[in-house]
Amino acid sequence: ATVGKADSALTVLKRMGPIGMYRGFTATLFRDVPFCIVFFPLYSNVKEWQINALKSSSTPLNQTNLLEMTHQPDFKEPFHVGLVAGIVAGAVSAALVTPADMLKTRIQQKMNGDERFFQYAKNVASKEGLSALFKGWQARVFVIAPLYGIVSLAFEVQKQWLSSN
């Protein structure tokens, strides 16, 4: 039995019990933990690279002013910094964890619990090739990159708003 789009959590509970609610949990961890390990440092570095690029590309007078401004407590970084950093970090992170996402989706759709995460990954790679693990990476990046750009921008705006109040 597979879980379809119309199935509710109650339906899954009735059909497969409480354990069925956690099908794909290990695969979800193998997707989300590495995603965060890549995303957050990359996000921070891309933001820093942008600020440094703004500093170095300014005219000498503006360069001094920008350098002084970035060390002021009321400095508001340009609008695009958080957005671009979120898009870049989200795209890279999403692409790198595509195998775990693909496996998680298949494990959750299969719903028979016969195979564990690593065994399933090994079986998919041996039957379909390593490229099968990256199926759908373009669509995933296309969705995740702008999503994380918007989330990061909202985070930065909220952070500035909270620090000003």
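This report describes the fold, the nonpolar cores, the aromatic pairs and the salt bridges of a predicted protein model.

Local features are reported only at pLDDT of at least 70 and side-chain atom pairs only at pLDDT 80 or more, whereas totals for chains, interfaces and linings use all residues. Residues are numbered from 1 along each chain as its sequence is written, and side-chain values use heavy atoms, with hydrogens and water left out.

**Overall architecture**

The protein has 7 helices and 0 strands; helices (H or I, at least four residues) and strands (E, at least two) are DSSP runs, numbered from the N terminus. Of the 165 residues, 33% are buried; buried means under 20% relative accessible area, exposed over 50%, and partly exposed in between, with a 1.4 Å probe and protein chains only. The protein exposes about 10600 Å², of which carbon and sulfur atoms supply 66%; accessible areas come from the Shrake-Rupley method with a 1.4 Å probe, and for residues only the protein chains shown count as cover. Among contacts (heavy atoms within 4.5 Å) between residues at least 6 apart in sequence, 75% join residues at least 24 apart.

**Nonpolar cores and aromatic residues**

A nonpolar core is a set of buried Ala, Val, Leu, Ile, Met, Phe, Trp, Tyr and Cys residues joined through side-chain atoms within 4.5 Å. The largest one holds 13 residues, and Phe35, Phe39, Tyr43, Ala89 and Ala94 touch the most other members. Helices α2 (25–57), α4 (79–96) and α7 (137–164) each supply at least two residues of this core, with α2 giving the most, 5 residues. Not counting residues up to four places away in sequence, Phe39 touches Gly86, Ala89, Gly90, Ser93, Tyr148 and Ser152. Apart from this core lies another, of 11 residues, including Ala100, Leu103, Phe117 and Leu133.

The structure holds 8 aromatic pairs. Rings of Phe, Tyr and Trp (its six-membered ring) pair if their centres lie within 6.5 Å; planes under 30 degrees apart count as stacked, over 60 as edge-to-face and the rest as tilted. Phe30 and Phe117 are stacked, because their ring centres are 4.9 Å apart and their planes stand at 5°. This pair links helix α2 with helix α6 (residues 117–128), its members being 87 residues apart. Phe30 is partly exposed, at 34% relative accessibility, while Phe117 is buried, at 10%. One aromatic cluster is formed by Phe35, Phe39, Phe40, Tyr43 and Tyr148.

**Salt bridges**

A salt bridge is a side-chain nitrogen of Lys or Arg within 4 Å of a carboxyl oxygen of Asp or Glu. The whole structure contains 7 of them.

| Asp101 | Arg31 | 2.9 Å |

Asp101 lies in helix α5 (residues 98–110) and Arg31 in helix α2, so their bridge ties together parts that are 70 residues apart in sequence. Arg140 lies in helix α7, so its bridge with Asp101 joins parts that are 39 residues apart in sequence. Asp101 is buried at 15% relative accessibility, and Arg140 is buried at 14%. Arg31, Asp32, Asp101 and Arg140 are linked in a network of salt bridges.
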